[in-house]
Amino acid sequence: MESLYINANGLRFHVHAWGKPNKPVAILLAGTAFVSATWTPIAEALSHDYRVYAIDRRGHGASDSPESAYEFFDFAEDLIAVMQEMAISAELAIGHSAGATDVLLAASLQPELFRNIFVHEPTVADVQQQGIQPEFPDASKQYIANITKRRSHFPSRADAIEHFRHREPYVRWPETTLHAQWKSGLQESANGGVELSCPPEAELQIIEPILQAASNIYRADHRGNPFSFFKHIKQPVALVLSADSEPFFSTMNKRARKLLPNIVLNLTLKDTRHCAPQENAQGFIAGIKLFTEQLAKAGPPQTVELP
């Protein structure tokens with residue numbers, strides 16, 4: 001695994017890389033609060049056929065954390081800028097959760113950079129929303145409150161890992177993935193010890209538009225409604241859902257099915273929750289393999305369940 005730093009869109013981004021540089025490119029984007037190194041089991045499997053790049057999104061891992069600008073367009077523009085700076089296009093673009101939304105929006109804005117798209121539980125709101133924006137549901141308010149109260153400073157990485165290993169969603173993660181998350185997800189603190197690389201004040205800015213979209217109360221910023229761009233995505237898409245995720249992910253999956261015009265694979269991962277790339281890497285890899293096989297034979301759209 002290589003570690004690269006790319007200056008793009010006014011920020012410095014950390015990128016992990018696997019595989020030989022002469023192979024087709026696969027791009028990996030993790031969800032909110034998760035770092036690029038948590039893709040390692042999947043990236044290693046893909047590296048036999050691809051040059052794999054996993055990017056720490058703004059506010060995450062070793063990438064820069066600006067004081068503001070954490071809207072959907074900001075993340076998509078980052079992805080485009082990083083790929084342009086690296087002079088690459090993606091044979092396969094893979095995203096999880098909000099990282100999946102980055103991929104979809106970037107592909108709609110710069111389609112020439114993306115050939116095939118595999119997305120797991122993207123954040124999606126309906127394009128048409130009426131009336132005055134209501135308040136967050138109580139569950140979203142509680143989620144925000146939990147972030148506000150989250151412990152962010154620890155005496156050591158070992159203390160942080162021990163703190164998080166018994167908490168959601170990390171309780172189901174393999175030990176190697178848990179350590180990968182907190183190797184890059186923590187940084188040295190000026191006050192001694194370590195602190196979260198994605199501090200609560202940044203995560204609150206990141207999560208607010210995501211919760212708005214999940215609650216279907218998202219309002220467009222000055223660049224427009226990001227979800228209205230999804231209709232322009234002509235690339236083949238695999239849309240993936242975890243069977244045991246919270247119900248609102250299934251709701252967003254249904255919204256995505258209405259918006260995306262070229263879904264060739266509707267895939268459900270059984271006995272898996274939202275953090276599928278981390279907790280069920282083998283099922284995720286099997287899904288990617290199924291998608292590439294589907295593309296090779298150019299068959300009709302499929303709906304499939306995998307363990």
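Modeller: What follows is a short exchange on cavities and their linings.

Modeller: This is a predicted model, where local features need pLDDT of at least 70, side-chain atom pairs count only at pLDDT 80 or more, and totals for chains, interfaces and linings use all residues. Residues are numbered from 1 along each chain as its sequence is written, and side-chain values use heavy atoms, without hydrogens and water.

Colleague: How many cavities of 30 Å³ or more does a search of the whole structure find?
Modeller: A cavity is a set of points on a 1 Å grid over the protein atoms alone, where a 1.4 Å probe fits but cannot get out. Points are joined across faces, edges and corners, and volume is the space filled by probe spheres set on them. The search of the whole structure gives 2.

Colleague: Which helix gives the most to the lining of the largest cavity?
Modeller: The largest cavity holds about 60 Å³. Lining residues have an atom within 4 Å of a point; among them here are Phe75, Asp78, Leu79 and Val82. Helices are DSSP runs (H or I, at least four residues), numbered from the N terminus. With 4 residues, the top contributor is helix 2 (residues 72-86).

Colleague: How many residues lining the second largest cavity are charged?
Modeller: That cavity has a volume of about 40 Å³. Its lining includes Arg57, Glu71, Phe72 and Ile206. Asp, Glu, Lys and Arg count as charged. The lining has 7 nonpolar residues, no polar ones, and a charged count of 2.

Terms used:
1 Å grid on protein atoms, 1.4 Å probe; cavity = no way out; pocket = protein on both sides within 12 Å on 5 of 7 lines; lining within 4 Å. Helix = DSSP H or I, 4+ residues; strand = E, 2+ residues; numbered from the N terminus.
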